[in-house]
Each structure stands twice: as structure tokens, then as C-alpha cells.
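Please have the model open as you read.

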Amino acid sequence: MEKKKTKQTTLACGDGMKRSIETVRISTPIGEMMLRVCPVGLHMIYQNGEIMDENFIPEPRKRVTLLSEYPRDEKAKLCVSDCMRWLSSYFHDLQNVSQHTIPQLCPLMPGSTKFRDRVLMSLVKSVPAGKTITYGELASLSGSSGAQQAVGSTMAANPFQLIVPCHRVIKSGKKVGKYSGGCRNLVKIWLLQHEGFNIDENGTVSSGH
């Protein structure tokens, strides 16, 4: 089957510079995902919008493969390769995923003081696979104690699914909470179980170790 060409647009990056953004499609155990990349790094990674709880059917053995052509730009192509390598480890070699550096995230400027950037980077750096954190704890970790509602909004708008692990952010009382606005809660449950957590019928998360 012939691979589809990448979609190309021009947008402003995190540093304000306009660059060519290309979108590629990949297969994963949680369904088709999209990667939006520029020569500087990853802009977004997200599941196909048609995937909802009603039709979510995970395929744990499905390999991470490219469904479209690679980006035309060589640096953007390298970013896609890095991202696919990280995803392959996450889904099929989880115990070693921490050995793989996450792809460069273009919109997150190093040293940014923006609330959103602080929250996302705190989550990446401090909550590895097999760990969870509450919205309130993440607010405190990000230097904004008491801002758990704002953290919740940031998680709902997270542009870097899996790589910035918003699925590891749970409600107080160890409750799973919503994912993608509540339309992909089963995806969040599957991801947490993939990382070794148990989740009971009441939606309470506990360590499976």
C-alpha cells in the first residue's frame, strides 16, 4: 500500500519564528497517532480523533510503524525517528524507556516561566513510568501551590500525549480521573495498567508491584 504524503503548513514555533510544520501518521498499540514536527522539534502528538471509549480496542502487540511518508526536512525526519524509537520502547520495552531521551519539544522553550511550560516540564522530569502524581501535587511541584484546577486545564490541553505523561496525573484519593475531556478514560486506564498499576471497579489506582 502506498504511503500517504505528509501534510504541510506554516506556523509560529515557541520562539516566535515561522517554520514549515509537517504531520505524519503512525500506528501504535492504542491506535493511529499523529505527529506534527518542524525542523526544531515536535509540536504535537495525539491519537486519531475518531478514537473514543466506545471504539477503543488496544492491540498490545502492534508495532510502532510509519503510515505516511517521512517529513521532507531532514531535521524533522530525525525528530520523527526519535519519537518512534521512544514510543517503541514505551510500548514494548517499558523497563528501558528511561534510557531513551524524549524528542525535542519545540513549543517548550528552555527556562520558560510560563505556567503551562513549568507544569509540563515538571511532569516530564519528575513522574516517570510506574509513578503517579495528583493535580495538587503537580501544582506544588511546579511552584504554584493550590493551582490544581489550572493544572487540570493544562493536562486537558497537553499537546504531547504519552511523552508528557498526563495519564499519570490522577485525582486526590487515588482516583483515575478523566482523560481527553472524559472521552478516552479507557485509554488512561489501559496506559496505567500497562505501566503496572491496578485499578479497581471504583476507579481507584494502586501499585501492582
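A pocket, found on a 1 Å grid over the protein atoms alone, is an open set of points where a 1.4 Å probe fits, with protein on both sides within 12 Å along at least five of seven lines; lining residues have an atom within 4 Å of a point. A volume is the space filled by probe spheres set on the points, which are joined across faces, edges and corners.

This is a predicted model, in which local features need pLDDT of at least 70 and side-chain atom pairs count only at pLDDT 80 or more, while totals for chains, interfaces and linings use all residues. Residues are numbered from 1 along each chain as its sequence is written, and side-chain values use heavy atoms, with hydrogens and water left out.

**Second largest pocket**
- The volume of the second largest pocket is about 280 Å³.
- It has 15 lining residues, and V97, S98, P128, A129 and R168 are the closest to its centre.
- Its lining comprises 11 nonpolar (Ala, Val, Leu, Ile, Met, Phe, Trp, Tyr, Cys and Pro), 3 polar (the others, Gly among them) and 1 charged (Asp, Glu, Lys and Arg).

**Largest pocket**
- The largest pocket holds about 360 Å³ of space.
- Among its 19 lining residues, M155, A156, Y179, S180 and G181 lie closest to the centre.
- Strand 4 (42-47) and helix 4 (148-156) each give at least two residues to this lining; helices (H or I, at least four residues) and strands (E, at least two) are DSSP runs, numbered from the N terminus.
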